[in-house]
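Hi everyone, thanks for coming. Please have a look at the sequence and the structure on the screen, and then I'll walk you through a few spots.

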Amino acid sequence: MKRPGVRASIAGASVLLALSCATAAFAQTPVSLDEALAAARTANARLPISALDLAIAREKVSEARAERWLKVAVEGDFIYAPPNGYDTAITNAGEERLQVVGRQTLYDGGARRAAIARAEADADAAFARHRIAEKELELEVRSRYDEFLQASAELAARQAGIERLQGYRTSLESRRAAGQGVAADLLKIDVRLATEQASILDAQ
């Protein structure tokens, strides 16, 4: 049985892969939540397995129900006896038989009904496991997507701050060229610019 930590790590890895793929694919436009969910479902490794288990369980339900139906078969045989080749008293000069046979169990002690109930219970359990896998993935995607949006907003704010600092530095350069003593202010601006740029690199 898989441990919850292993299951969560698999889901988290698929979500991170989905978000990174979506970010690369939509670098020029914002990534929507629906796009992130679609990419995560494609990249997730658990959903195809649970979906396959569900399909198998439903097929077993159909097989169990089919056991109660009337079974019809065509049967026949053919015995060839060449003329004057065998004793006609034994071979009757060859035989041919073709018949349609229907078979249905009249009483089985409830075995088939129990088999159907068991198959339906297995199908319900498989469906529940599939839904749990879907909900776990959706919750993980929504959580990571919120973190992604917060990080994007912080990055945008820092980039806007850097642009303002660069504009202020340009004005200080103009003032220094005019002979004003702004060397200390320029040093402070350079330190702040270096700090903000390092923060952006860490955020990315």
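This is a predicted model: local features need pLDDT of at least 70, side-chain atom pairs count only at pLDDT 80 or more; totals for chains, interfaces and linings use all residues.

Let me begin with a term: a polar contact is a pair of N or O atoms within 3.5 Å, and within protein one of them must be able to donate a hydrogen and the other to accept it.

Asn 44 sits in the loop between helix H2 (33–43) and H3. Is Asn 44 buried or exposed? With a relative accessible area of 6%, Asn 44 is buried. A polar atom of the Asn 44 side chain lies 3.0 Å from the backbone nitrogen of Leu 47. The backbone nitrogen of Arg 46 is 2.9 Å from a polar atom of that side chain.

From there we move into helix H3, which covers residues 46–66. H3 has 21 residues, and from its first C-alpha to its last it reaches 31 Å, close to the 30 Å expected. Which residues of H3 are buried? They are Arg 46, Leu 47, Ser 50, Leu 54, Ala 57, Val 61 and Ala 64. Looking down the axis of H3, you find these buried residues within an arc of 110°, so they line one face of the helix. On the face turned away from that buried side, H3 carries the exposed residues Pro 48, Ile 49, Leu 52 and Glu 63.

Next, the aromatic rings. How many aromatic pairs does a search of the whole structure find? The search finds one. The ring centres of Tyr 145 and Phe 148 are 6.3 Å apart and the planes are at 35°; planes under 30 degrees apart would count as stacked and over 60 as edge-to-face, so this pair is tilted. Both residues belong to helix H5 (residues 111–177), where they are three residues apart, about one turn of the helix. Tyr 145 counts as buried, at 10% relative accessibility, while Phe 148, at 24%, counts as partly exposed.

Finally, a word on confidence. The mean pLDDT of the protein is 78, with 76% of its residues at 70 or more. Where is confidence lowest, and where is it highest? It is lowest in helix H1 (residues 4–25), with a mean of 47, and highest in H3, at 92. Over residues 1–11 the pLDDT stays under 50, and the model has six contacts beyond four places in sequence for them. Residues 21–28 are also below 50, and that stretch has five contacts in the model beyond near neighbours in sequence.

Terms used:
Residues are numbered from 1 along each chain as its sequence is written. Side-chain values use heavy atoms; hydrogens and water are left out. Helices (H or I, at least four residues) and strands (E, at least two) are DSSP runs, numbered from the N terminus. The expected span of a helix is 1.5 Å times one less than its number of residues. Buried means under 20% relative accessible area, exposed over 50%, partly exposed in between (1.4 Å probe, protein chains only). The arc is that of the directions from the helix axis to the C-beta atoms. pLDDT is the predictor's confidence in each residue, from 0 to 100. Contact means heavy atoms within 4.5 Å. Rings of Phe, Tyr and Trp (its six-membered ring) pair if their centres lie within 6.5 Å; planes under 30 degrees apart count as stacked, over 60 as edge-to-face and the rest as tilted.
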